[in-house]
Amino acid sequence: MVYDNTCKYLAEKFPDAFVQWLLPLEQPTTIQVLKTELIQEPIRADSLTFLQADNQILHLEFQTLSYSNPPLPFRMLDYYVRLKRQYSCSVNQVVLFLQQTTSEQAFVSEYTDTNTQHCYRVIRLWEQDPNLLLSVPGLLPFATLSQTNSPRTLLEQIANRIATIEEPNQQADLLACTQVLAGLRFEKNLIRQLFRKETMRESVIYQEIREDGLLEGRQREAISFVTRQLTRRVGAIAPIIQEQIQTLSVEELENLGEALLDFSEVTDLENWLNQRQP
């Protein structure tokens, strides 16, 4: 959750940075964050943001895990149709995978059905050249996850770049967000060495990150407990099922903790996960 909120915060705090990076526009005259609800109930997602630049919409979807329910390609089609219906303008969809993975799901960029094909853009941050991300303040936190042969050197470059930002609040916000996203790749000790925690405390997002961190800690404990209990009852759990379990909220994990008492084989777990409401 903390990664999701951090990405959403950055996209809404620095919308011009994302539009210049990802939209084929020379110089948009107006950029705004769309806060309106889409038609019907929202679909569950890791984190998404809608930006409107002139007469185009940029739909950003941030993913930390390759698994999602409903599947990501179907979600992208569904959001495209809703956005098109509500705003009647061009819709550009970009999925950004944050954490490096070999899962084939991170390499899928279209939804295909019997009579339907819908394409969208996929960016795997670990394949991206860091130079552009290093040159734009609002994108600096994402540079921590970009392509490099020397991760420590890259992190040092980012720390030095943030240190040159003169506006105190912006510096504190970017420092806090950078520390969060860097946690997907780097050891905590190295992050602490290169970034000053006292500056991060001045950030307007710091308290939100702390609160999310507490909830995330509860979620990790619940995942660990449920996984141990499941292994005892049904045996080894396949990686794809483990990913599904990691997407559960604390409340859902508590429900699973009760339900697993009636499980006798892996199919019971699979059925329980499939019966969850999206």
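(The expected span is 1.5 Å times one less than the number of residues.) Helices (H or I, at least four residues) and strands (E, at least two) are DSSP runs, numbered from the N terminus. Keep in mind that this is a predicted model, where local features need pLDDT of at least 70, side-chain atom pairs count only at pLDDT 80 or more, and totals for chains, interfaces and linings use all residues. Residues are numbered from 1 along each chain as its sequence is written, and side-chain values use heavy atoms, leaving out hydrogens and water.

**Helix α7 on its own**
- Helix α7 is largely enclosed by the rest of the structure, because 12 of its 15 residues are buried (under 20% relative accessible area, with exposed over 50% and partly exposed in between, using a 1.4 Å probe and protein chains only).
- Among those buried residues are Gln 171, Asp 173, Thr 178 and Gln 179.
- At the start of α7, a side-chain oxygen of Glu 167 comes to within 3.2 Å of the backbone nitrogen of Asn 169.

**How α7 meets α1**
- Two packed helices are described by the angle and the distance between their axes.
- Here, the axes of α1 (residues 2–13) and α7 (residues 168–182) come within 10 Å and cross at roughly 145° (axes are lines fitted to C-alpha atoms, for helices over the stretch in contact, with angles from 0 to 180 degrees between N-to-C directions).
- On the α1 side, the residues that meet α7 include Tyr 3, Cys 7 and Leu 10, while Leu 174, Cys 177 and Leu 181 are among their partners in α7 (contact means heavy atoms within 4.5 Å).

**Two residues in strand β3**
- His 59 sits in strand β3 (residues 56–63), and at 0% relative accessibility it counts as buried.
- His 59 and Tyr 79 are 20 residues apart in sequence, yet 8.6 Å apart in space, C-alpha to C-alpha.
- The side chain of His 59 makes a polar contact of 2.9 Å with the side chain of Glu 61 (a pair of N or O atoms within 3.5 Å; within protein, one must be able to donate a hydrogen and the other to accept it, and residues adjacent in sequence count only if both atoms are side-chain atoms).
- Gln 56 also has its place in β3, and is buried, with a relative accessible area of 17%.
- The side chains of Gln 56 and Asn 92 are joined by a polar contact of 2.8 Å.
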